[in-house]
There are 2 protein chains.
Amino acid sequence: MKKSIKIIASLLLATGIFSCNNSEQNKEGDRGALASNAAEKVYVAPGEHDDFYAFISGGYSGNLTVYGLPSGRMFKEIPVFSQFPTSGYGYSEETKPMLNTSHGFIPWDDSHHPDISQTNGKLDGRWIFINGNNTPRIAKIDLKTFETTEIIEVPNSAGNHSSSFVTENTEYVVAGTRFSVPIPQRDMPINEYKGNFKGSLSFISVAPETGRMNIKFQLIMPGFDYDLSHPGRGKSHGWFFFTTYNTEEANTLLEVNASQNDKDFIAAVNWKKIEEYVNNGGGKTMPANYAHNVYDDHTHTATSTMKKEVLVVDPLEVPGAVFLLPTPKSPHGVDVDPSGEYIIGNGKLSADLTVHSFTKMIDAIENEKFDSDAYGIPILNFEDVLAGTVKQAGLGPLHTEFDGKGNGYTTFFISSELVKWNLETREVIDRKPNYYSVGHVMIPGGNSREPFGKYAVSMNKITKDRYLPTGPELEHSAQLFDISGEKMELLLDFPTHGEPHYAAGIPAELIKDNSQKIYKLAENKHEYAALSPADARVERKGNEVHIYMTMIRSHFTPDNIEGIKVGDKVYFHITNHEQDFDVPHGFAMIGANNAELLIMPGQTKTLTWEPKKVGVWPFYCTDFCSALHQEMQGYIRVSPKNSDIELSWSLGED
Amino acid sequence: MKKSIKIIASLLLATGIFSCNNSEQNKEGDRGALASNAAEKVYVAPGEHDDFYAFISGGYSGNLTVYGLPSGRMFKEIPVFSQFPTSGYGYSEETKPMLNTSHGFIPWDDSHHPDISQTNGKLDGRWIFINGNNTPRIAKIDLKTFETTEIIEVPNSAGNHSSSFVTENTEYVVAGTRFSVPIPQRDMPINEYKGNFKGSLSFISVAPETGRMNIKFQLIMPGFDYDLSHPGRGKSHGWFFFTTYNTEEANTLLEVNASQNDKDFIAAVNWKKIEEYVNNGGGKTMPANYAHNVYDDHTHTATSTMKKEVLVVDPLEVPGAVFLLPTPKSPHGVDVDPSGEYIIGNGKLSADLTVHSFTKMIDAIENEKFDSDAYGIPILNFEDVLAGTVKQAGLGPLHTEFDGKGNGYTTFFISSELVKWNLETREVIDRKPNYYSVGHVMIPGGNSREPFGKYAVSMNKITKDRYLPTGPELEHSAQLFDISGEKMELLLDFPTHGEPHYAAGIPAELIKDNSQKIYKLAENKHEYAALSPADARVERKGNEVHIYMTMIRSHFTPDNIEGIKVGDKVYFHITNHEQDFDVPHGFAMIGANNAELLIMPGQTKTLTWEPKKVGVWPFYCTDFCSALHQEMQGYIRVSPKNSDIELSWSLGED
């Protein structure tokens, strides 16, 4: 035990020293490493466009950010799992259901691993998926509108971390627990963890046309921690791979107790076999409450339904479906090369990088070369599945991406570097320091059969002296490398928003022409839309008042409303009648107990207001929309609760 | 009336045409305008720092963003008036009081005009102020920590828009209503607006050492709309200037009805005279509820107090204190040049730019050359105060900044351009198109005696084709110009976050060395801090459970807790024991009904959790902190409400 503590301490110390004392040295290193044309390589002149979209997870922001490469400019923050006051997401009546869960309304999550949909193993640019790590959920963002259109909760899970990666025809988006828990949840002593707590790996089907998600089955696994995952492709299509740590099944002081074993496992799951088993009636239906939230961009409204059961599968009931590949040591990422042959285990506490062979794995399985088992799941022999190791590659490998030209690019957290190596020879070709403490790396298409090996983006955990300081709290930082040549070239540091854990990139031409510019007013099916100013009106139902309002440059209809009373609940249903690209309007009401609304052309959104004070209160447009934006305003008169003033309104005609 | 509608329509049409059809032409224009070295001019190499901080308002995000110039990279989003799931601001127990108002807890606002504190008319880099436009408030951000440390609500106001600008020794931060309302608020017909609704201009004193804000007095003004304001400086120190529109006092369809008068006013307020009047017992105390919220960075806690009265001043009671300067037409910005002599009225519906002379104004006042009055306030003659006009400068001037070298830089919304002109000759020197529909412009120090005339940043309202598309919703866009030469040079387009209405810039060296790196643990005075792991414990008070928890790489103490029951309200009081720069930890609990916490080194924050389900639930660190971050976790056992299991916890020792 003492030895382990010492190892851990020295690893931490290494991190600390590296990240605290080397800034001067690093700066000199930077200058030396910079080619003179880096400025031109990253410069996107006004009026020109970037070459790639990079979708970067927001981590503890709960969102997904959209950047351009090579400029490193942030084009949008897409709200996913968190309330977003900027647009009213999670505050407006239409979007609140998106954040519904079996635990109630949850206004936040920790978003981790975006992955773009694929067809035949290639990026198809239709959707991007991302996981909520805290309250387990998978979200889908539509890449036509760049809006979150579906969120499904994952039951029997905790710390939904080994998620949300797609199979090569987007048959499934896959989600796995990080923390094992009692399944089903129940009251039990924490120190009875070992053997009693379980992990779950969820296979969520994606309907080919609509993208609608559905939990097809959950595999109930031993009580390890499941860290990351990736799909097989090409020859390994039909398989999915998950890293594990804490195979010690410790429940306290994991920094020591979960680092005892020299090897943990990569779990290899033959999902095609389990799918067949399930399609033939296999598996067991289990009661489970979980929310399924869908946003419709014609009604502009989300609906939340609570599901009641889920199909679970015991891996022991499907022989030949699940195997464990020993892998040193507490592996973080598991990455499959474009050919589908190599399965890279990034053992975060090891100095070498482990490369498994899919062909050797299949051979070992067919020859039943099992060393032992874990709770009945066969453990293959390490040497039988190993293609080889990348020796002395660095300290603390976390994640490997691919350039499609036969090379892997692995991040090393502790030695804080990006290392390029040859997949066949496993020889190191180049290494570049990262400032500081790199987590994951992204090459556009890196998780597909056809990566686009022009740029790599490293996502670094410590920022410190990279930018002008902003007090104790700093943004995290990314670094852009040109990887088109033999050696990597550092081009640019750019700050990132939230904590980027992971990213997915795609050439701009695969998305940009499909990007929708407006919502068509004629197709607006919102229950409370006012599709012409003539439909604008105010209706009372008891103490509920529904205002059907329109907005167009530069006035609201109606713009003066009387007959509202203290104690009323006022619904502003506001329809933006613009049909030009990039003419949103906003709506805000003084003292409203939520956010404003940002309403896109053709869209209807609803804000509620419970006026507490008698008086005459203004509302206004919050998005500068024309030379007369400042004139886009109106008033609401609020009378005492017992007042007999009738509803009346002015249509803004003079 | 018909003529006015036609003018308005043609103005709108101009905007529309400009912004919809010229993209190809603009692109060619861009290329022609770009010097070949623009790439090098904006490139900040890895390891190097930007020259300037730019603080850009977030508009409907409610926040303030921090950028570097010339790179255009965003370094931080500072939460001010809105809940911010990323750090838990507005969700944690310590920060919720910051969003308290007389209307209750308000989780959003519309932040508009940041202004940096000054000493002797020069930027001193101590604080930055920003206004909440919707629920009227002024916030102060400490530029040591880059955190919001004070918010004061402004009573008798609505649409707090002509705010938050400071006098040249930060004696006052000034806030004015945009929307006039009944003062005090009361139930009255909206169409009795004229003569009955009032505006208010608030002078909020700032304590020289602590920066503590206090509403010194409110000037009750005629029922116009007050749009923007700026302080006098140098010779005009002691005065403050406010633009007005809707001097017609219309209450409906303002886009037509508030654009009838050929001239509206700039209100000139001699605040020194009113201060003297008030110090001698002048003014009237009026009942008014408004919140004053202060964050202490030793207790790491905000407190909110509700104030009960405010001092109001009738301008007619202080002769010689307030005058009206006729100014064409619905002026938006009012800007005072570095010498204090020129008062620029940016008449947004006019084609010329009006320049008033402070010397002539004083002369006219002394000679009592008053044309007429508005509700008793003297109106000066236009010709008597006019220094001159900048002829055919552009369409729709909005705002003018200064370079300290004798030039003004004015944005024109309708003709979408930035125009440089000579303050003395009022001749146009250069004009550059802006893409598209520019609102405000910022030159660092532009609102001071000593601007830093190297860069100008225009903040544009329409983005459209400037970047890769992101669906119907786009970020707004800024453009960076090099203004060091005779002609302006467009260097860079960069997207902005939220809607930037306004910005303030400052040379990096005036701030960066004072930027605080950590909070000292020894100075932590939080009521529930656990200052050593030995203080970690769990205490029950009825159904409240207080967990005093510590965190340091890479474990929580305690990390296993039992004896929590459904129906409890659990307070996690978590102290980050790191004392290294840039080692925050996060904390998240599955199903917690709020956000996570992001906790800086030395800081304590509190998250509440009301467990609804029996089970064993994990918590974890949300900010990747070391190679063993994934092991930084723990479990809480939740038993049924009637369970007799006693509180117990593990300190994580093995």
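Student: Over how many bridges do β11(A) and strand β12 (residues 199-206) of chain A pair in the antiparallel sense?

Tutor: Strands (E, at least two residues) and helices (H or I, at least four) are DSSP runs numbered from the N terminus, and two strands pair if DSSP finds at least two bridges between them. The antiparallel count for β11(A) and β12(A) is five bridges.

Student: What pLDDT do local features need in this predicted model?

Tutor: Residues are numbered from 1 along each chain as its sequence is written, while chains are lettered from A and ligands numbered from 1 in the order in which they are written. In this predicted model, side-chain values use heavy atoms, with hydrogens and water left out, whereas side-chain atom pairs count only at pLDDT 80 or more, totals for chains, interfaces and linings use all residues, and local features need a pLDDT of at least 70.

Student: Which residue in the turn between β10(A) and β11(A) has a positive phi?

Tutor: Strand β10 (residues 165-166) of chain A runs antiparallel to β11(A) and is joined to it by two bridges. A:Phe165 has A:Val174 as its bridge partner in β11(A). The two strands form a hairpin with five residues between them, and the positive phi, about 55°, belongs to A:Thr170.

Student: Why is strand β32 (residues 476-482) of chain B described as largely enclosed by the rest of the structure?

Tutor: Buried means under 20% relative accessible area, exposed over 50%, and partly exposed in between (1.4 Å probe, protein chains only). B:His476, B:Ala478, B:Leu480 and B:Asp482 point one way from β32(B), and B:Ser477, B:Gln479 and B:Phe481 the other way, all of them buried. In a regular strand the side chains alternate between the two faces of the sheet. β32(B) is largely enclosed because its buried residues number seven of the seven.

Student: Which residue in β33(B) stands opposite B:Phe481?

Tutor: β32(B) pairs antiparallel with strand β31 (residues 455-460) of chain B over six bridges, and with strand β33 (residues 489-496) of chain B over seven bridges. A hairpin of six residues joins β32(B) to β33(B). Opposite B:Phe481 stands B:Leu490.

Student: What is the area buried between chain B and chain A?

Tutor: Buried area is the accessible area (1.4 Å probe) that two parts lose on being put together, summed over both. Contact means heavy atoms within 4.5 Å, and 171 residues of chain B are in contact with 170 residues of chain A. Carbon and sulfur atoms give 59% of the buried area, which is about 14200 Å².

Student: Which residue of chain B forms a salt bridge with A:Asp187?

Tutor: A salt bridge is a side-chain nitrogen of Lys or Arg within 4 Å of a carboxyl oxygen of Asp or Glu. Across the interface of chain B and chain A the rule finds four. With closest N and O atoms 2.6 Å apart, the partner of A:Asp187 is B:Arg637.

Student: At what distance does a polar contact join the side chains of A:Asn251 and B:Asn560?

Tutor: A polar contact is a pair of N or O atoms within 3.5 Å; within protein, one must be able to donate a hydrogen and the other to accept it, and residues adjacent in sequence count only if both atoms are side-chain atoms. A:Asn251 lies in the loop between β15 (239-245) and α4 (254-257) of chain A and is buried at 15% relative accessibility. The contact between A:Asn251 and B:Asn560 is at 2.6 Å.

Student: How many residues apart in sequence are B:Arg431 and B:Glu417?

Tutor: The side chains of B:Arg431 and B:Glu417 meet in a salt bridge of 3.0 Å, N to O. B:Arg431 is in strand β29 (residues 428-433) of chain B and B:Glu417 in strand β28 (residues 417-422) of chain B, so the pair ties together parts whose separation in sequence is 14 residues.

Student: How many residues does the largest nonpolar core hold?

Tutor: A nonpolar core is a set of buried Ala, Val, Leu, Ile, Met, Phe, Trp, Tyr and Cys residues joined through side-chain atoms within 4.5 Å. Among the members of the largest core that touch the most others are A:Phe572, A:Met589 and B:Phe587. A second, separate core has 42 residues, including A:Leu69 and B:Ala503. The count for the largest core is 125 residues.
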